[in-house]
Structures are given as structure tokens and as C-alpha cells.
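Biologist: I would like to learn how to read a structure, one feature at a time. Can we work through an example together?
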Amino acid sequence: MALKPSAFQACFEDWIKRISGIPTDGDLDIIAIDGKTLRRSHDRAAGLGPLFLVSAWAVQRGISLGQLATA
């Protein structure tokens with residue numbers, strides 16, 4: 001609660017831009033895409049199915065690019 005979300009987002013985006021330059025070895029970055037279903041995340045009483053997540057990972061840089069809940 002001590003962080004201002006907009007200030008944190010701006011700093012994080014600046015940091016990502018600085019480390020995401022073009023690779024110097026000439027190779028392209030590999031982006032790994034992964035999907036998962038969270039066990040026991042459904043709610044039968046409410047008629048809701050399980051939670052599905054898709055994530056992207058920059059392999060050479062070792063950072064997560066994002067995660068998204070999907071239908």
C-alpha cells in the first residue's frame with residue numbers, strides 16, 4: 001500500500017526498456033509461452049469453471065513478460 005501503482009508501473013516500464021535492447025550476439029530472443037490450469041480453482045456451486053493462465057517468459061533475459069487469465 002506504500003507504493004503508488006502508477007509510479008511503480010512507470011519505473012518498471014523504464015527498467016524493462018533499458019534491459020530489453022537488441023541482443024549483441026545476433027541471436028533473436030526466445031519467448032516461451034506456457035499455459036496452465038489451476039487445480040481446484042473451479043466453483044461448481046456458482047457454475048464457474050477452472051482458472052486458465054497463459055504466461056510469456058523471455059528465456060535469455062530470465063524475466064516474465066506477462067501473465068493473462070483466459071477463458
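Biologist: Where is Arg40 found?

Modeller: Arg40 lies in the loop between β1 (31–37) and β2 (52–58). Strands (E, at least two residues) and helices (H or I, at least four) are DSSP runs, numbered from the N terminus. This is a predicted model: local features need pLDDT of at least 70, side-chain atom pairs count only at pLDDT 80 or more, and totals for chains, interfaces and linings use all residues. Residues are numbered from 1 along each chain as its sequence is written, and side-chain values use heavy atoms, with hydrogens and water left out.

Biologist: What is the phi of Arg40 near?

Modeller: Most residues other than glycine have a negative phi. Arg40 has a positive phi, near 60 degrees.

Biologist: Is Arg40 buried or exposed?

Modeller: Buried means under 20% relative accessible area, exposed over 50%, partly exposed in between (1.4 Å probe, protein chains only). Arg40 is exposed, at 69%.

Biologist: How many salt bridges does the structure hold?

Modeller: Side chains of opposite charge can pair when their charged atoms come close. A salt bridge is a side-chain nitrogen of Lys or Arg within 4 Å of a carboxyl oxygen of Asp or Glu. The structure holds one. Asp34 and Lys36 form this salt bridge, at 2.9 Å from N to O. Asp34 is partly exposed, at 35% relative accessible area. Lys36 is exposed, at 52%.

Biologist: Which helix holds Phe12?

Modeller: Phe12 sits in helix α1 (residues 5–19). Phe12 is partly exposed, with 37% relative accessibility.
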